[in-house]
Amino acid sequence: MIKVPQVVNRYNVYRGGNKLIGLSGEITLPTITYLVDSQEGAGTGGNLDVPVVGLTDNMEVQINFLTVNRDLFSMADPTGGELLTIRGGLQGIDPATQKIVYTSVAITMGGTVSEINPGTMKAGGKMDASIKMNLTRYKVVLDDVVALEIDKMNSIYTLNGKDILKEVRDMC
């Protein structure tokens, strides 16, 4: 595991096991926002925003393409559940040895496309096309350890290998 993280050394994006070619150098990963409910009443000392454990707001990812291509349009079917995987190497330094060290990262995302942006046309320029996906599944694995897993359809919420919703799933 990286002692002092520095940069993403490299990464690739896969769809159905096939490497996607023609992506731009940047992907905007989803922000995780917990759903909250307001609590008020006797003994609380005022209003409290209470997070509802395991429930998150909409998760959205944007995938940028250099130009329009068949992968962009084949992913655009709103009835198909897309599954994408990002695999990469995070680079850092071990302060004790001063050696460069790496951590593997695998991010899996599943959901449906909510927006297609074909970009712009300019001779000699990139189109900056993109798609946005609403995610129902999102998983981050660092060196083979599940750091985060959210599966909205199967009531799974895991942090650092701990199944946060197991007790609740067992009740339902």
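Reader: In β11, which residue is the bridge partner of leucine 148?

Author: In this predicted model, leucine 148 has leucine 159 of β11 as its bridge partner.

Reader: How many residues lie between β10 and β11 in their hairpin?

Author: Four residues separate the two strands, and serine 155 in this turn has a positive phi of about 50°.

Reader: Which strand is joined to β10 by six bridges?

Author: Strand β9, residues 129-142, is antiparallel to β10 and is linked to it by six bridges. Within β10, aspartate 151 stands opposite arginine 137. The hairpin of β9 and β10 has two residues between the strands, and aspartate 143 there adopts a positive phi near 45°.

Reader: Is strand β10 mostly covered or mostly uncovered?

Author: As a general idea, side chains in a regular strand alternate between the two faces of the sheet. In the present case, β10, residues 145-151, is mostly covered, with five of its seven residues buried.

Reader: How much space lies in the largest pocket?

Author: In general, empty space is found by rolling a probe the size of a water molecule over the atoms. Here the largest pocket holds about 190 Å³. It is lined by 13 residues, and those closest to its centre are Gly54, Leu55, Lys152, Ser155 and Leu165.

Reader: Which element supplies the largest share of the lining of the largest pocket?

Author: That element is β5, with four residues. β5, β10 and α2 each contribute at least two residues to this lining.

How values were computed:
Residues are numbered from 1 along each chain as its sequence is written. This is a predicted model: local features need pLDDT of at least 70, side-chain atom pairs count only at pLDDT 80 or more; totals for chains, interfaces and linings use all residues. Side-chain values use heavy atoms; hydrogens and water are left out. Buried means under 20% relative accessible area, exposed over 50%, partly exposed in between (1.4 Å probe, protein chains only). Two strands pair if DSSP finds at least two bridges between them. On a 1 Å grid over the protein atoms alone, a cavity is a set of points where a 1.4 Å probe fits but cannot get out, and a pocket is an open set with protein on both sides within 12 Å along at least five of seven lines; lining residues have an atom within 4 Å of a point. Grid points are joined across faces, edges and corners, and a volume is the space filled by probe spheres set on the points.
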